[in-house]
Each structure stands twice: as structure tokens, then as C-alpha cells.
Amino acid sequence: MPEKLDFFFFYGSIHTYLSVMRIEGLARAAGISVAWHPFNLREILVQQNNTAFARNPVRLAYNWRDIERRAQRLGIPFQGRPPYPVDPDLLALRVGAVAASQGWCADYTKATFRAWFLDRKPPGTAEHVADILSALGRPAHEVFVEAQSPAADTLIKDATDAARSRGIFGSPTFAVGSEIFWGDDRLEDAVAWVTR
């Protein structure tokens, strides 16, 4: 029986907030571990010609309302629409890739999404990323250097290729071997699949 849930996510995804806030508690209750995999969803969306979401104000309004309803039902704080879109230069993603390789991705990601959704500090803004790193006791300058290195490029490419090879097309996606579960509303299903 697999005991690990692979969590593929993108820092610019509004739908990922709820999962970031919930996944560790659900995994802990089920006795499983979570592997955090930040990847470049933007690259996959462009490749799949699936980039209309942010340009569709009707759908975007629905999605924000849906997140608000789910957050209320799940007891997760939601302060209304935060800035969007975010992470234009993929700095949040680059730092997330470094964090994943060094074992502190969960803390960085939770702090990033909390800052975005609750404090209106968009991911990928250098000042905001530096504040988060400092709060986590990480040396911002050193992490930024690592995040801009060829090694970070490779980490992002590998994670994105892994997502692509599994047929992942959105964030959040949870994977158990070759089985994928897309969307926060499938998180419980994914956890159940691990423990079946």
C-alpha cells in the first residue's frame, strides 16, 4: 500500500490556497506523508492552449465565490479576493523549488499562501518573498541566489516534466502513483486512495 501523497501545485493558482491549508492535517490524520512538488503550471497551460481562465471575468468571479463558500464551510480564513494574477517572474516558484529540494517547502508554501490570501502580499514580489524567508529563518539573499541558479532551473523542469508525464493539467493536483486527483474538492478522495 502506498503511504505517500504527491502534491503538485503552482504558486499562482487561486484554487491551491485551500489545499495548502488543509493537506497536512488530512495526511496526518490518515497516517500518510505528503511530498510537495511546486511546478510550472503556466508552461503546461500554454502547451495545452488552456490559458483563457484569467481572461474570463465571469468564470473568475464564480471561482472566487466558490473559494469563499468552500473556505467558510471548511473553517479556513478568507478575506475576499486577493491580488491576481501573481508571480509574473516565477520567483515564488523558484524559491519553492529550492525549498522542496531542501525539505522546507511546506512551511514556505503555507506562509506564501497565507501572505497572499490574508495579507494581500502577492507571491513573487521580491520584498514579500524576502519577508517570508526571514520569518522562516532563511537567509533571503542566499536563497535568491540559489533560486536564480541553473540548478533551480533543473528542479523546476524536472517537477514540471513529472507533472506533464502524469497528465496533470491544473493546480492543485494530488497523485498516488499513476492516479491523479485534480482540485481541492478531490483532496479527500486522494487521501482515501492512498489508504485504501
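The model is predicted. I44 is buried, because its relative accessibility is 0%, under the 20% cut-off. Now show what surrounds I44. Leaving aside neighbours within four places in sequence, I44 is in contact with F39, T160, A163, R164, I168 and F169. From I44 to F174 the sequence separation is 130 residues, and the C-alpha atoms lie 16 Å apart.

**Stop 1: the sheet**

Colour the strands next. What is the strand order of the open sheet? Its 4 strands run β2-β1-β3-β4, with mixed pairing. β2 (33–38) and β4 (179–182) are the edge strands, each with a single partner, so one side of each has no neighbour in the sheet. From one strand to the next, the twist averages 25°.

Go through the pairs one at a time.

- β1 (residues 4–9) with β2: parallel, over 6 bridges. Select K4 and look across to its bridge partner in β2, S33.
- β1 with β3: antiparallel, joined by 3 bridges. Select F8; T173 in β3 stands opposite.
- β3 with β4: antiparallel, over 4 bridges. Select A175; its bridge partner in β4 is I180.

β3 and β4 also form a hairpin, with 2 residues between the strands. Click G177 in the turn: its phi is positive, about 60°.

Stay on β3. Are its faces covered or open? Both are covered. T173 and A175 on one side are buried, and so are F174 and V176 on the other. In a regular strand, side chains alternate between the two faces of the sheet.

**Stop 2**

Within α1, pick S19. S19 has a relative accessible area of 0%, so it counts as buried. Which residues does S19 touch beyond those up to four places away in sequence? They are F7, P172, F174, D184 and L187.

**Stop 3: R114 in helix α5**

Move to helix α5 (residues 105–119) and select R114. R114 is partly exposed, at a relative accessible area of 38%. Its contacts, leaving aside neighbours within four places in sequence, are M21 and D119.

**Stop 4: backbone exceptions**

Switch to a backbone view. Most residues other than glycine have a negative phi, and most peptide bonds are trans.

- Y84 to P85: a cis peptide bond, omega near 0°. P85 lies in the loop between α3 and α4 (91–102).
- S171 to P172: a cis peptide bond, omega near 5°. P172 is in the loop between α8 (150–165) and β3. P172 is also one of the residues touched by S19.
- N49: positive phi, near 55°, in a residue other than glycine. N49 is in the loop between α2 and α3.
- D87: positive phi, near 55°, again in a residue other than glycine. D87 is in the loop between α3 and α4.

Which of these last two is buried, and which is exposed? N49 counts as exposed, at 68% relative accessibility. D87 counts as buried, at 0%.

**Stop 5: the largest pocket**

Finish with a surface. Rolling a probe the size of a water molecule over the atoms shows where empty space is left. The largest pocket holds about 780 Å³ of space. Its lining has 30 residues. Select S13, H15, L41, L45 and F53, which lie nearest the pocket centre.

Which elements give two or more residues to this lining? They are α2 (41–47) and α3 (57–74). α3 gives the most, with 6 residues. Colour the lining by class to see 15 nonpolar, 9 polar and 6 charged residues.

Notes: Residues are numbered from 1 along each chain as its sequence is written. This is a predicted model: local features need pLDDT of at least 70, side-chain atom pairs count only at pLDDT 80 or more; totals for chains, interfaces and linings use all residues. Side-chain values use heavy atoms; hydrogens and water are left out. On a 1 Å grid over the protein atoms alone, a cavity is a set of points where a 1.4 Å probe fits but cannot get out, and a pocket is an open set with protein on both sides within 12 Å along at least five of seven lines; lining residues have an atom within 4 Å of a point. Grid points are joined across faces, edges and corners, and a volume is the space filled by probe spheres set on the points. Ala, Val, Leu, Ile, Met, Phe, Trp, Tyr, Cys and Pro count as nonpolar, Asp, Glu, Lys and Arg as charged, and the others, Gly among them, as polar. Two strands pair if DSSP finds at least two bridges between them. Axes are lines fitted to C-alpha atoms, for helices over the stretch in contact, and angles run from 0 to 180 degrees between N-to-C directions. Buried means under 20% relative accessible area, exposed over 50%, partly exposed in between (1.4 Å probe, protein chains only). Contact means heavy atoms within 4.5 Å.
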